[in-house]
Each structure stands twice: as C-alpha cells, then as structure tokens.
Amino acid sequence: MTSDSSPERTLWKIHGERLVDQNPHIRLSVASVELPDGKRFDQYVIRMPRCVMTVVLDDAGEHILLIWRHRFIVGQWDWEVPGGYIDPGEDGLVAAAREVEEETGWRPRNLRFLLTFQPALGSADAPQDVYVARGADLVGQPEIDEAEEVRWVPIAQAQEMIRSGKIIGAATVIAVMHAAAERAAPPGRRS
C-alpha cells in the first residue's frame with residue numbers, strides 16, 4: 001500500500017440487499033453495489049452456514065481417509081474428505097468428529113483445528129473450517145446417503161487424484177496439500 005492510498009479508496013459501497021430465497025442451508029440475495037469509480041450494478045450473494053471438513057490421517061500419516069460420492073450440481077463423482085454443516089449451537093470440533101463418523105464409519109482421534117477458508121469469496125460467504133485428525137477407529141458403517149465408498153488413500157496417490165480430476169473440491173485439495181506438506185516436514189516440525 002502506498003502512502004497516498006487508503007483502504008476506503010477501493011471499498012465497494014453497498015446500497016441495499018434484498019432476499020431472493022433461503023432455507024437452512026443457503027441464503028440467496030441480490031445486493032446493489034457501487035464500485036469506487038461510480039459504476040453500479042446488482043450482485044447475487046450466497047450465504048451459507050459454517051461447515052467443517054476433516055483431514056483424517058492414519059497413525060503413520062501416510063494415508064488420508066476419503067469418500068467417493070456424486071455431486072449432482074457439477075454432475076461428477078469425486079473423492080472428498082468428510083465434512084458437513086455445523087448444527088446450530090454445536091462446537092466445531094464436535095461437528096468435525098460427528099461428520100467423519102457419519103460419512104465414513106471411522107471415529108477420528110487427536111482432532112484439532114487447522115484453518116478456515118472461503119471457497120468462493122467473490123460471490124459467497126461460505127466459511128469452511130478444516131480440522132486434522134491423526135488416527136481413527138472403525139466404529140460402524142457410513143450412512144447410506146453419505147458415501148458410495150470409503151478408502152484410505154496414500155497421500156502421493158491423492159496428489160495424483162487432484163491432477164487427474166478425481167479430486168475437485170477445494171476443501172479436499174487443501175486437505176491433501178496439508179497432508180503432503182506435513183509428511184514432507186522434518187520430524188521436529190510436524191504438528
């Protein structure tokens with residue numbers, strides 16, 4: 001930032017926002033915005049509740065737990081880390097553990113918060129909290145609506161799955177990249 005600029009110089013003005021539709025999982029509205037140069041237009045805005053996604057690594061940190069599922073919106077099957085919405089009033093750590101167990105049948109151990117990201121910041125407010133677990137115990141089966149298949153995938157293979165388009169979701173890409181970086185870190189620098 002230069003000395004003659006300020007954050008307000010590039011700030012967009014919001015002249016109002018009207019609701020188009022909403023349900024418990026999404027709120028769609030149209031905002032009337034004005035750019036710093038004076039141009040005005042309407043912008044669709046998507047707001048979604050906070051979600052949790054969990055990087056579950058095996059005890060050795062060599063494999064990541066992934067689920068195979070169909071995403072009808074993009075019309076594609078892909079491999080993903082388990083995750084879902086945080087229930088109202090639910091703690092993120094509790095939600096992360098619950099979602100892993102519901103979607104995979106595995107109960108994660110040593111669960112911790114890693115980071116929060118926004119997958120489509122230009123048009124959506126959809127906070128995604130990423131958690132990491134080291135180790136998991138098989139306690140049941142995935143819920144029928146959650147996964148076609150559950151698999152422990154070697155991290156190097158998961159990286160190739162990103163390149164080949166078998167992993168397309170932002171949370172899973174972040175998860176695999178974190179797992180690869182963790183695996184490559186010297187032993188004293190691993191979390």
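Which residue in β3 is the bridge partner of Ala31? I looked this up and found Gln43 of β3.

Before going on, I noted that the model is predicted, that local features need pLDDT of at least 70 and side-chain atom pairs pLDDT 80 or more, while totals for chains, interfaces and linings use all residues. Residues are numbered from 1 along each chain as its sequence is written, and side-chain values use heavy atoms, with hydrogens and water left out.

**The sheet.** I read the strands as DSSP runs (E, at least two residues; helices are H or I, at least four), numbered from the N terminus, and I took two strands as paired if DSSP finds at least two bridges between them. The order in this open sheet of 4 strands is β1-β2-β3-β10, with mixed pairing. Because β1 (13–23) and β10 (124–125) each have a single partner strand, one side of each is left without a neighbour in the sheet.

I then followed the pairs: β1 runs antiparallel to β2 (residues 26–34) over 9 bridges, and Glu17 stands opposite Ala31 of β2. Between β2 and β3 (residues 40–47) I found 8 bridges, again antiparallel, and the hairpin they form has 5 residues between the strands, with Gly38 in the turn at a positive phi of about 100°. β3 and β10 run parallel and are joined by 2 bridges, with Asp125 of β10 as the partner of Arg47.
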